[in-house]
Amino acid sequence: MVLNRRSWLLDFCWIVVVFHLSTAELSYSIPEEMRPRTIVGNIAKDLGLEAGKLSARKARIDAGGKYQNYCEIDLPTGNLIMTERIDREELCGEKALCMLKFELVLENPLEFHHISVLIQDVNDNTPVFPKDTFKLEIRESADRGARYRLIEAHDADSGQNTVQQYSLQKNEHFVLSVQGGADGSQNIELVLEKELDRENKQDINLVLTAVDGGNPQRSGTAVIHVSVLDANDNAPVFDQAVYKASLPENSPVDTVVLTVRATDADEGVNGEVTYEFSRISEKAKNIFELNSKTGEIKVIGAIDFESNNKYEMRIYAKDDAYGLSTDSRVTIDITDVNDNIPAVFLKSLINPVPENIPPGTEVGIINVQDRDSESNGQVSCSLQQGVPFKLVPSIKNYFSLVSTGQLDREVVSDYNITITATDEGSPPLSSSKSVQLSVADINDNPPVFEEESYSAYVSENNKAGSTLCSVAARDPDWRQNGTVIYSLLAGEVNGAPVSSYVSVNGDTGVIHAVRSFDYEQLRSFKVQVMARDNGSPPLSSNVTVSVFISDVNDNAPQILYPAPEGNSFMTELVPKAAHGGSLVSKVIAVDADSGQNAWLSYQIVKSTDPGLFTVGVHSGEIRTQRDISESDSMKQNLIVSVKDNGQPSLSATCSMYLLISDNLAEVPELKDISYDEKNSKLTSYLIIALVSVSTFFLTFIIIILGVRFCRRRKPRLLFDGAVAIPSAYLPPNYADVDGTGTLRSTYNYDAYLTTGSRTSDFKFVSSYNDNTLPADQTLRKSPSDFADTFSDGDSSPEVGNTVFDNF
């Protein structure tokens with residue numbers, strides 16, 4: 001291709017832009033053979049958009065694959081740019097209009113604009129004759145005006161740039177006749193203007209020139225060689241002026257399309273007809289073949305409806321190789337076969353998609369294309385079952401991928417969406433495209449504890465920092481939305497902050513003791529633990545943790561009665577008439593522990609007479625094992641051990657001093673009883689005070705007895721409740737047993753102790769019977785009075801009332 005570049009630039013440096021705002025279509029035109037990066041037009045300006053927003057709206061050119069490499073959009077400027085040089089003849093062949101069609105796709109919101117680029121023809125092709133030399137044999141007998149058909153020249157350009165005129169070299173015998181056909185072809189004939197004379201000139205060479213209408217013009221030449229022969233006066237005649245055939249695409253090689261037939265009225269050699277193409281495109285030459293003898297047209301190349309759906313050509317028939325000729329037009333229509341699988345293109349996709357998008361949200365744009373035509377090119381799209389998405393038809397061949405339900409990343413975090421496109425051909429063809437769509441996490445799940453509540457068990461006297469238990473919460477959200485942090489909720493335990501009792505590890509949920517616990521002070525408490533995630537905003541949940549403190553045997557039994565040794569001095573009287581099994585006294589003890597650690601057992605570990613007294617293992621009651629005898633020592637000293645049932649067990653001891661006597665007259669000097677040296681002086685003072693008070697009360701009793709002596713029929717029991725300690729004086733969780741305080745059926749003995757002193761009250765009374773005096777008739781008597789009373793004939797030695805006050 002030879003061009004004057006300066007002239008070409010002056011003629012084709014312009015671009016015509018036609019902008020149809022009402023139809024949302026942009027139309028441009030540009031000459032072929034323009035250099036790459038040539039600007040076709042400014043799309044942003046023509047659409048009234050800001051060039052800076054094209055990138056934000058993901059502007060792109062969609063050419064459907066066929067013209068994808070020819071144009072692109074420059075996002076910063078909004079210019080439509082040619083990306084490579086275009087050869088119109090190669091791209092569009094013999095089509096009158098060569099048009100590139102694109103679609104401009106904009107998002108947010110979704111918009112489509114049709115762009116058409118008309119490729120204008122440039123005179124870059126020279127007219128070419130099918131042959132360099134035309135050979136004609138004309139008999140010398142030919143008449144003036146005889147016409148001889150010539151094959152026209154072909155110019156690949158279109159419009160004005162195609163062949164416009166022919167010229168013949170000046171000569172004395174022939175002139176050129178050119179007539180245009182209805183289909184745009186030209187009928188070129190060599191007309192005999194002056195008779196030939198074979199004897200004068202046997203061969204004539206003429207130059208035929210074809211000139212196009214371009215600027216500058218291009219031309220091509222061919223030589224006409226005329227051999228003067230004897231006369232052949234009949235030209236071949238086709239049986240049809242126009243041959244038409246229909247051929248399915250993809251027809252195999254050697255398929256017979258049609259057969260042309262021409263006859264010649266001459267006989268012999270002059271009547272033999274041969275065929276050849278007179279006008280055919282280069283593409284058609286590679287697809288069809290003409291048998292010069294039979295006129296049969298066969299397929300020799302691949303036929304594709306999508307590339308070219310119609311072929312037109314002219315066939316030249318002549319007789320005797322160099323004789324008369326004629327031509328006919330052949331039209332071959334290619335019918336579409338459903339041989340193209342629909343193609344699915346993903347134009348836009350929001351990935352990942354947030355799980356909280358509402359149903360009906362558009363997450364992607366799908367485009368489907370099928371190069372077939374009519375029903376073979378009609379495509380429908382579908383999705384597989386079981387996904388919360390659907391395809392909604394949009395603009396032609398475009399579908400929106402829309403959510404149909406609420407997404408939940410914790411249930412399904414990824415979707416493999418298969419889009420199937422199926423055409424309406426017979427049989428239908430289909431293709432699929434898989435789209436991987438991830439669901440982005442939203443903090444929509446609070447942490448959930450594995451248990452509704454937790455219980456922790458710890459022994460008292462634990463070490464500070466020891467582990468009590470652990471809580472665990474699960475959050476199905478992802479990453480920081482699913483990261484759980486533990487903390488204690490504010491609260492109080494026994495008036496102190498809960499944080500002073502326990503702490504929780506924020507990462508692991510392990511609960512530790514902050515202090516050592518004392519079961520006797522605190523047996524259980526509850527704390528609230530909060531589990532919070534790291535989302536924004538954070539979500540949380542609470543759980544109750546109950547801490548139970550178990551008892552440890554860390555408290556020894558505490559003896560309440562009698563007072564522990566060294567703190568008080570306790571002496572009790574035992575009647576000489578006491579029989580075996582009589583209750584003498586009772587050891588009362590308590591243990592601050594609980595359970596088996598507080599189960600107490602009693603044992604006499606040392607006694608003056610080991611066989612005389614016994615203690616109840618569980619009751620603490622001191623009883624005689626046998627009857628008191630005269631040989632038994634008056635002073636009895638018992639050491640009682642109280643032991644709990646813990647592991648290891650703890651114990652305490654107390655001393656019990658017993659005097660076997662019926663009255664104070666028989667009691668030896670009290671000083672004989674062992675005292676501590678440091679308390680001896682105090683004891684003397686107490687004895688003096690006791691004697692003084694006793695004397696006063698004995699005198700008072702004698703006076704009372706004298707006044708009522710006349711009414712007295714038999715001895716009566718005297719009761720003194722002035723300083724009685726309630727019989728129910730027992731420690732918590734303990735109860736006295738029935739019969740406690742009885743010696744025999746006829747005796748009742750109570751001992752009362754003033755805690756922390758050496759004074760005691762004793763009361764030895766007879767059994768409660770009908771002769772017992774009412775409380776308001778109780779009299780106080782001296783020991784001598786008891787002797788008188790016991791001497792009466794109607795009184796029993798076992799019946800009497802002895803009261804020692806402040807002994």
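Lysine 285 counts as partly exposed, since its relative accessibility is 41%, and its side chain meets that of glutamate 282 in a salt bridge with an N to O distance of 3.8 Å. This description rests on a predicted model, in which the count of salt bridges comes to 19 and the structure holds one disulfide. The points below take up several of these contacts in turn, together with the accessibility of the residues that form them.

- Lysine 285 and glutamate 282 both belong to helix α5, which covers residues 282–285, and they are three residues apart, about one turn of the helix.
- Glutamate 282 has a relative accessibility of 55%, and because exposed means over 50%, glutamate 282 counts as exposed.

**A salt bridge between separate parts of the chain**

- Arginine 57 forms a salt bridge with glutamate 111, and the closest N and O atoms of this pair are 3.2 Å apart.
- Arginine 57 lies in the loop between α3 (52–56) and β4 (60–62), whereas glutamate 111 lies in strand β8 (residues 111–120), so the pair ties together parts that are 54 residues apart in sequence.
- Arginine 57 counts as buried, because its relative accessibility is 14% and the limit for buried is under 20%.
- Glutamate 111, the partner of arginine 57 in this salt bridge, is partly exposed, with a relative accessible area of 26%.

**Further salt bridges**

- Lysine 310 and glutamate 312 are joined by a salt bridge in which the closest N and O atoms are 3.6 Å apart.
- Lysine 310 has a relative accessible area of 39% and is therefore partly exposed, and glutamate 312, with a relative accessible area of 39%, is likewise partly exposed.
- Salt bridges also link Arg149, Arg314 and Asp327 in a network.

**The disulfide and other cysteines**

- The one disulfide of the structure joins cysteine 92 to cysteine 98, with an S to S distance of 1.9 Å.
- The torsion about the S-S bond of cysteine 92 and cysteine 98 is about 60°, and the disulfide is therefore right-handed.
- Cysteine 71 counts as buried at 5% relative accessibility, and cysteine 654 counts as buried at 0% relative accessibility.

Notes. Residues numbered from 1 in each chain as written. Predicted model: local features only at pLDDT ≥ 70, side-chain atom pairs only at ≥ 80, totals over all residues. Heavy atoms only, no water. Disulfide = S-S within 2.5 Å. Buried < 20%, exposed > 50% of the residue type's maximum accessible area, 1.4 Å probe, protein only. Salt bridge = Lys/Arg side-chain N within 4 Å of Asp/Glu carboxyl O. Helix = DSSP H or I, 4+ residues; strand = E, 2+ residues; numbered from the N terminus.
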